[in-house]
Amino acid sequence: MDKPEKFIIDGIRLDGRKPDELRPMKIEVGVLNRADGSCYLEFGKNKVLAAVYGPREVHPRHNQKPTTAVVRFRYNMASFSVEERKRPGPDRRSIEVSKVSREAVEPMIFTEYFPKSAIDIFVEVLQADAGTRTAGINAASIALADASIPMRGLVSSCAVGKVDGELVLDLMKDEDNYGEADMPVAMTPDGEITLLQMDGNLTREELKKALEMATEGCKQIYKLQREALIGRYKKELEEHKEDVELVETITESEETSIESTTTVNIDESGGLDDE
Amino acid sequence: MNKRQIIIPGDVLSEDAGIAGDGTYVRDGKVYASLYGILSEHNKIKVVPLSGKYMPARGDIVIGIVKEVTFSNWIVDIGSPYDGLLHISEYPQRINSEDMSKHLKVGETILTQVKEFDPMMKVELTIRNRKLKTIRSGRIFELSPSKIPRLIGHGGSMISLIKKETNCSIIAGENGRVWIEGSDCNIDFAIDAITKIEQESHIPGLTNRLYDFFEGTKTQKNESDKEYEKESILDEILE
């Protein structure tokens with residue numbers, strides 16, 4: 001697609017969004033059986049898959065740290081993730097993204113609980129449409145939670161950019177390619193910034209405004225991440241709720257009609273909060 | 001009572017720092033969750049994880065697999081980020097260093113106990129106890145270590161139920177490995193039951209469902225037995 005003449009017409013962007021609107025996000029938790037934690041995330045047209053392994057042994061051995069775990073983050077784009085085939089393997093860009101993404105999630109992990117071990121995070125971009133690093137960080141922090149790795153909280157991430165001289169939240173491909181600035185931000189639920197990069201130019205005032213917009217965006221994403229993690233088990237819990245009650249009433253009625261059957265200590269709570 | 005609250009890392013659980021238990025951390029006098037799991041409020045506030053790696057603790061009974069034999073130690077994989085060390089002196093009999101592989105070869109499975117777990121993450125194991133030994137029969141089944149308390153149940157109620165219903169001897173290692181001994185089809189049966197526990201441990205009424213599971217398989221068995229009988233009767237008549 002060639003550069004459009006105008007990106008914002010009557011306050012509506014090319015894909016029909018308002019300037020402060022995120023692209024739709026779809027999150028699935030625990031999609032990989034072999035990984036300790038995993039997450040599949042769609043962010044607009046971006047599709048990323050995150051897997052977390054560990055804590056596990058460090059290989060090679062000399063990389064291990066005596067007092068904390070090492071966190072390794074590998075961001076990789078599939079060769080088919082972009083229109084023109086991407087040469088597979090790490091390149092300058094993916095090494096950079098891996099580094100900044102690792103630094104975005106590492107402060108939230110209690111690495112001191114697992115000295116001499118490694119926590120490996122893999123993010124594979126299956127389809128790219130601007131903002132893959134933010135999608136990768138969002139997916140990685142969900143996968144870390146799914147792996148039951150102790151964390152201070154989830155990291156949420158989104159980008160703010162400038163097109164037509166106006167600040168917009170969460171750039172899509174054309175806005176990113178032909179826009180004037182792109183600023184990915186990652187932050188904790190408290191609003192502490194763990195990642196801030198900027199490509200292009202923003203004035204001091206614009207930067208302030210952009211950060212406010214990013215904070216708002218991250219808050220929305222945090223909600224979605226939270227819902228995804230809770231929703232995964234909530235559905236099962238609710239599906240079985242009726243079953244459980246049914247079973248309980250049946251056992252009760254059986255006990256009253258067919259004399260008292262053998263004394264069984266029925267653990268109503270299912271045993272989860274015993275001890 | 002059947003309400004299960006799912007917690008994610010960073011959730012504020014309490015304003016009282018004194019009751020912070022496992023799976024939580026304290027910041028600015030507030031208790032936050034550090035794990036993704038289910039809230040448990042007894043005298044301490046805890047988050048019970050739904051998955052996760054095994055972290056050794058002193059006195060734990062674990063099932064390990066010998067990985068390597070060194071001059072005076074067996075290196076044992078105990079399914080945790082840290083390997084266990086079984087020193088030659090912790091073997092029930094006195095043996096020579098050269099004979100170590102004769103007594104315990106690489107790849108053998110042992111029922112062992114964590115003797116010491118120090119801050120340097122060194123895990124020392126022992127099998128100097130009557131109950132501990134090399135495992136040479138039966139099958140090992142692995143599940144998430146966080147589900148072991150569910151498998152054992154209230155004072156061992158769950159595991160004794162499975163034992164009773166399947167006629168198997170079952171020993172659950174703290175590290176998520178379970179040793180099942182019995183006839184082949186009974187082991188399969190026990191593994192089905194354990195898999196059910198693993199998949200549904202977070203849903204209330206687990207014990208009830210397991211009773212139903214055993215009842216269901218029993219009637220199935222009876223039916224298939226009856227059918228078999230019918231067939232054999234039919235055969236006899238035909239003959």
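## Strand pairing around β7(A)

In this predicted model, strand β5 (residues 46-57) of chain A pairs with strand β7 (residues 117-127) of chain A in the antiparallel sense, over nine bridges. Within this pairing, Lys47(A) lies opposite Gln127(A) in β7(A). Strand β6 (residues 70-77) of chain A runs parallel to β7(A), and eight bridges join them; Phe73(A) stands opposite Ile121(A) in β7(A). Strands are taken as paired if DSSP finds at least two bridges between them. Helices (H or I, at least four residues) and strands (E, at least two) are DSSP runs, numbered from the N terminus.

## The β-α-β unit

Helix α1 (residues 92-105) of chain A forms a left-handed β-α-β unit together with β6(A) and β7(A). A crossover is right-handed if, with the strands pointing away from the viewer, the path from the first strand over the helix to the second runs clockwise.

## Chain A as a whole

Chain A contains four helices and twelve strands. Of its 275 residues, 43% are buried (20 or more other C-beta atoms within 10 Å of the residue's own, C-beta atoms being placed from the backbone). Among contacts in chain A with a separation of 6 or more (C-beta atoms within 7 Å), 68% link residues 24 or more positions apart.

## Confidence and conventions

The predictor assigns the complex an ipTM of 0.85 and a pTM of 0.86.

Local features need pLDDT of at least 70 and side-chain atom pairs count only at pLDDT 80 or more, while totals for chains, interfaces and linings use all residues. Residues are numbered from 1 along each chain as its sequence is written, with chains lettered from A and ligands numbered from 1 in the order in which they are written.

Key:
A residue is buried if 20 or more other C-beta atoms lie within 10 Å of its own, exposed if 12 or fewer, and partly exposed in between; C-beta atoms are placed from the backbone. Two residues are in contact if their C-beta atoms, placed from the backbone, lie within 7 Å.
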